[in-house]
Amino acid sequence: MSVKKLGLPLMIGSLAGLFLLMILFPSAYLESALRGLAIWWDILFPSLFPFFIISEMMLGFGIVHLFGALLDPLMKPLFRIPGSGGFVAAMGYVSGYPVGARLTAKLWEQNMVTRDEGERLVAFTTSSDPIFLIGAVSVGFFHNPKIAAILAIAHYGGGLLIGLLMRFHGRQEASPASPSASSTGESRKRKSTAKESRIQRAFAAMHHARLQDGRNIGEMLRQALESSLKLIIVVGGLVVFFSAFLELLTQAGVMKSLYFFLDKLLTTVGFPASLSEALVGGIFEVTLGARSAGEATSSIPLPFKAAAAAFVLSWGGLSVHAQIASILHATNLRYLPFMIARLIHAIIAAGLVMLLWEPVMGKFMPSPPISQAAPVMGTSWTSGYLTDRLAYFCILIVFMTTASLVWSWIRISWRRLNRGPLK
């Protein structure tokens, strides 16, 4: 029997099992659902809802088109993505998941990116928005706004590294929407725009987007409120569902095996085993995992808790993955490259927190040395040992990205020499 044929029976069996657990543990189910609802109402709704409205207004006014036009020249040489991906990158990092995937799907529908380009684009533009990282995680969960600096550097810096690493993904091919160099109309447009500065072209793109939108401020605000309310309700529903789902699995004893496996894995790499609960929660839902990391016992050094939060934010949780998969299902973009990129991003982000903690946070937020963490498996792991391994890992990533950029430059230069002057 094929995997597709097995999918429906497995889904029906899983839902039936979940329904049975709800009947067997009604009080635990209700309490966990209320906890998820409290997280959404007390933290997520006030921190995310205004930002959703602002981002919709920015799109209507064309401000995001301005940033997208400014980022256009960086996309092709760095990420092997057409210039239109600059808008997706700007909007994805500003608005958070799953906006990057939604806009990538729109570019694919308009035949502006190929499958490989779309998979590269969605892999590194799916990230947490700054308001959630600062307001919900740093202030709401960690009760420490200073930690937002290291989380932002690790999360967004790791995302850019993923974008550079994704250059290796897929074949070298031209975008289907790439215009021909011999087109008379396009050549005239290039000659006219060449006389303008990049900033002028960016503002022209913003003005054109505003004229194309055509809505007045009142209509724009009303539609922004409607779409933002629908999105925040979906986010709240996923938080409540996964909160109840995790609690039911815990009551059934299923989570003990996951905790045991992660305990062994964390102790092997020198992390406190008590962070396994945060990581398991983050595997399913980013909000629950980030909250568990922030509210972990005070005996765990802050760098470890911040690294766990960075891992959870970069992985995104299966709730976000479900949203991305539903968006990609309408295209020919594959989910597997996205999942692998999320996992690598999570590992890189956690490593960057540990590696950059002292340079970034040590001066204005002294914390207990990492070596004061509880001994792991009878061995005292020092900060120098862990930092050295993370440094080797980051050096390897930098070397790979630099080599890819140099190789691309050599290949482009060689093609230009062999092709000769354009006619």
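The chain exposes about 22,000 Å², of which carbon and sulfur atoms supply 69%. The model discussed here is predicted. Its chain holds 18 helices and zero strands, and buried residues make up 44% of the 423 residues. Of the contacts between residues at least 6 apart in sequence, 78% join residues at least 24 apart.

The buried residues of helix 12 are Met 255, Leu 262, Leu 266 and Thr 267. They lie on the same side of helix 12, because they cover an arc of only 130° around the axis. These buried residues pack against helix 11 (217-251) and helix 13 (276-284). On the face turned away from the buried side, helix 12 carries the exposed residues Phe 260 and Phe 261. Just after helix 12 comes Gly 270, with a positive phi of about 90°.

The surface also has a nonpolar patch, formed by Phe 61, Ile 63, Phe 67, Leu 70, Ile 199, Phe 203 and Ile 217, with about 620 Å² of accessible area together. Helix 3 (63-79) and helix 10 (198-213) are the elements that give two or more residues to this patch, and the largest share, three residues, comes from helix 3.

Turning to charged side chains, the structure holds six salt bridges. One of them joins Arg 35 and Glu 247, whose closest N and O atoms are 3.3 Å apart. This pair links distant parts of the chain, as Arg 35 is in helix 2 (residues 26-61) and Glu 247 in helix 11, 212 residues apart. Arg 35 is partly exposed, with a relative accessible area of 39%, whereas Glu 247 is buried at 19%, the limit for buried being under 20%.

Another salt bridge pairs Glu 119 with Arg 334, at 2.8 Å between the closest N and O atoms. Here too distant parts of the chain are linked: Glu 119 belongs to helix 6 (residues 115-125), and Arg 334 to the loop between helix 16 (317-328) and helix 17 (335-361), 215 residues apart. Glu 119 is buried, with a relative accessible area of 1%, while Arg 334 is partly exposed at 34%.

Within helix 11, Arg 222 and Glu 219 are three residues apart, and therefore separated by about one helical turn. Their side chains meet in a salt bridge (2.5 Å, N to O).

Definitions and conventions. Residues are numbered from 1 along each chain as its sequence is written. This is a predicted model: local features need pLDDT of at least 70, side-chain atom pairs count only at pLDDT 80 or more; totals for chains, interfaces and linings use all residues. Side-chain values use heavy atoms; hydrogens and water are left out. Buried means under 20% relative accessible area, exposed over 50%, partly exposed in between (1.4 Å probe, protein chains only). Helices (H or I, at least four residues) and strands (E, at least two) are DSSP runs, numbered from the N terminus. The arc is that of the directions from the helix axis to the C-beta atoms. Contact means heavy atoms within 4.5 Å. Patches are made of residues with over 30% relative accessible area and no salt bridge: like charges are joined within 9 Å, nonpolar side chains (Val, Leu, Ile, Met, Phe, Trp, Tyr) within 5 Å. Accessible areas come from the Shrake-Rupley method with a 1.4 Å probe; for residues, only the protein chains shown count as cover. A salt bridge is a side-chain nitrogen of Lys or Arg within 4 Å of a carboxyl oxygen of Asp or Glu.
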